[in-house]
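Please read them with the structure open.

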Amino acid sequence: MSTIQGRATRDAYGEAILELGRDDSRIYVIDCDIGRSCKTVEFARQLPQQHINVGIAEQNACGVAAGLATCGKIPFVTTYAVFGSMRMLEQIRQEVCYPELNVKIACSHGGLTPANDGASHQGIEDMGLLRTLANMTVVAPADFASTKALVKAAAAYDGPVYLRFTRDAVPFIYDDQDEFEIGKAVLHSEGTDITIISTGAVLGLCRRAAAQLEEWSISVRLLDMHTIKPIDREAVLASIAATKGIITVEDHTIINGLGSAVAEIVSEFGTVRMRRIGVQDQFGESAPYERLLEKNGITVDGIVGAAHELLG
Amino acid sequence: MRQELVDDTLIDSLRASTKELRKTLLTMIHAAQSGHPGGSLSASEIVATLYFHELRIKPEDPRWPDRDRFVLSKGHVCPVLYSALALRGYFPYETIYTLRKEGSMLQGHPDMKRCPGIDISTGSLGQGLSTAVGMAIAGKRDGKGYRVFSLVGDGETQEGQIWEALQTASKYKLDNLVVIIDNNNIQNDDTCSVVMPLGDLEAKLNAFGLWTHVIDGHDLVQITSVFDRIRDNDSGLPVAIVAKTVKGKGVSFMEDVTNWHGQAPNDEEFARAMAEIEGESR
């Protein structure tokens, strides 16, 4: 598994948004001077009438998108996760979520993946912040194919959506034929001992951990929770019933992300114990991506260790 | 101004409408015992001219796709906008007595989902103008003839996002956008000069590429004249109008007094204010 083929999910966004824009003139891209990094250059070149670049002005980008949405457009504000979740957070709250406008916030560089860029560019709090806003849907696809499908699902959904992509290549997991529904987790394996719930690009790690655990005859139920809000409650409840413990894995701070969302359900309805694997309430730094994951225990060994701990 | 072109009937009619706006907005703030009278009163002539003369709107069809848009970026002065909407028949007049009350369409700040005639929800300063820019871009790209007007507070221009929006308006040659600054020189804590001096607004707006006009925002002749002048604007330049106004205009004890930014009149003050507005004859 060491030479896995893959591509960055931002590339999938670039392809999907171009296909969407060609088919539907209501699709707009609002860039903030990082279209090259966020893969909207072809969209801008081929569909200039549906493209706006507001420059380095994210707050304004969000408001412009809201205004466009009131006129029937489907704007995708395109930037990095740090800016899309924090620089324009209050604009999203006031002008997108409160009036429930059909605006999508599409963000590359989610999590620790802009590894060399360092802490300033690593969006590790984004999903948690967006999750607290009423009317917002929060989606982190795992790989190239699921990103294409979920970007299209977001365009078809009438309302605010936050989408998170990776800067770097992540393994191919799904293919073009797989179907995805916002708010519906993908069940990778049934299991009776332990549940692993993944969101975003760490799904590859989780699959490797699950394979190792199966070698120990530990039966793993594996879920891809690409939508952390609205979370697939039924899938979490089923995991509580079916297995003895739940491990959540995310390239995001363990505060208020997938782990917290699952813990909210478990604490109200469950009897199982949990382990939350994610960024340990600390900033990243410039370093290889794998090193950054290691420093936070977001590794195959970390997941396997947590499973053994939970199963005592 | 071009006095020879002045339509006396129009001015008289707008003067009467302005008076009704002021009475209505004070009535609703008094009934709510909460709200922002100062900036509502300073914007009354401008809002009256827009809603009773300039805007192409259909109160019976608030979401008419070809309508002119109005974005109240200084959302806290919604009593003046609600008054205009009530008087134009967007909702029953008695609704004004529900301002800021539970379940009301007249929320403390404008809510487009609840209130007919509100083109965008606003209230957090600095944000509305960006949405107006988005609407104007959509109008241009769709080949629609509508225009977008946005009323911005002078203190609100302290928000950096206002200037982000203006540079975008300029870049995309939004000559279908009209930005009106209610330049009453008072904000929440004190005068703008004390809190954060605005500098030369006209020069700043010109530098951002807007076709800028400075008028007396209480002079209906000047307001209608400037609207006449910009109506068929095809210069590629967005328009800015700096309206020199007096906060609390029309009620002597509220004029130029910071406290009346966000304070409701008691019964005695309300009676005096209504009497003054009723007796006003210019």
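1. First, a convention. A crossing is left-handed if the near helix is turned anticlockwise from the far one by less than a right angle, and right-handed if clockwise. The crossing of H5(B) and H6(B) is left-handed.

2. This is a predicted model: local features need pLDDT of at least 70, side-chain atom pairs count only at pLDDT 80 or more, and totals for chains, interfaces and linings use all residues. Residues are numbered from 1 along each chain as its sequence is written, while chains are lettered from A and ligands numbered from 1 in the order in which they are written.

3. Helix H5 (residues 128-141) of chain B packs on helix H6 (residues 160-171) of chain B at about 15°, and their axes are 8 Å apart. Axes are lines fitted to C-alpha atoms, for helices over the stretch in contact; angles run from 0 to 180 degrees between N-to-C directions. That makes H5(B) roughly parallel to H6(B) (angles under 35 degrees).

4. Which residues of H5(B) and H6(B) make the contact? H5(B) supplies Leu129(B), Ser130(B), Val133(B) and Ala136(B). H6(B) supplies Gln161(B), Ile162(B), Ala165(B), Thr168(B) and Ala169(B). Contact requires C-beta atoms, placed from the backbone, within 7 Å.

5. Chain B has ten helices and five strands. These are DSSP runs, numbered from the N terminus: helices are H or I, at least four residues, and strands E, at least two.

6. The C-alpha trace of chain B spans about 50 × 40 × 40 Å along its principal axes. Residues 24 or more positions apart account for 77% of the chain B contacts with a separation of 6 or more.

Definitions and conventions:
Parallel < 35°, antiparallel > 145°, perpendicular 65-115°, else oblique. Contact = placed C-beta atoms within 7 Å.
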